[in-house]
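Thank you for making time for this today.

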Amino acid sequence: MFHVYILYSHSIRKYYVGSTQHLNVRIEEHNLGKSTFTKTGTPWKLIHSFECLDRPEAVRLEMKIKKRGIQRFLEDHHIALPNP
């Protein structure tokens, strides 16, 4: 099982989308500064995650979200946005 996840950082007011097989471990890595893009925005809050059957499905969904724009994707799917 793979997960596509959307994170939000209040400190830099940015979203991040990624995919992983181990969701809790990956979020912890983001919050420990182990990812180049997300190390400046700690702490990151999980906004939403989607379960996918395999890696190719997860990569397709991640690319779809990035292409649409994370905030617009969340709005399109009526997923609550973080409070400013």
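Before I count anything, let me say that a salt bridge here is a side-chain nitrogen of Lys or Arg within 4 Å of a carboxyl oxygen of Asp or Glu. Please also keep in mind that what you are looking at is a predicted model.

With that definition, a search of the whole structure finds three salt bridges. In general terms, side chains of opposite charge can pair when their charged atoms come close.

Let me take them in order along the chain. An α-helix has 3.6 residues a turn, so residues three or four places apart point the same way. Glu-29 is partly exposed, at a relative accessible area of 27%, whereas Arg-26 is listed among the buried residues of H1.

The next pair is in helix H2, where Glu-62 and Lys-66 lie four residues apart and their closest N and O atoms are 3.0 Å apart. Glu-62 counts as buried, at 10% relative accessibility, while Lys-66 is partly exposed, at 43%.

The remaining salt bridge joins the side chains of Arg-68 and Asp-76, at 2.6 Å from N to O. Here Arg-68 is partly exposed, with 35% relative accessibility, and Asp-76 is partly exposed too, with a relative accessible area of 39%.

Let me come back to H1, which spans residues 23–31 and whose buried residues are Leu-23, Arg-26, Ile-27 and His-30. These residues cover an arc of only 100 degrees around the axis, which puts them on the same side of H1. What do they pack against? The answer is three strands, namely E1 (2–9), E2 (14–20) and E3 (45–52). After the helix comes Gly-33, with a positive phi near 80 degrees.

Leaving aside neighbours within four places in sequence, Phe-50 is in contact with residues including Phe-2, Leu-61, Phe-73 and Ile-79.

Note on methods
Residues numbered from 1 in each chain as written. Predicted model: local features only at pLDDT ≥ 70, side-chain atom pairs only at ≥ 80, totals over all residues. Heavy atoms only, no water. Buried < 20%, exposed > 50% of the residue type's maximum accessible area, 1.4 Å probe, protein only. Helix = DSSP H or I, 4+ residues; strand = E, 2+ residues; numbered from the N terminus. Arc of directions from axis to C-beta. Contact = heavy atoms within 4.5 Å.
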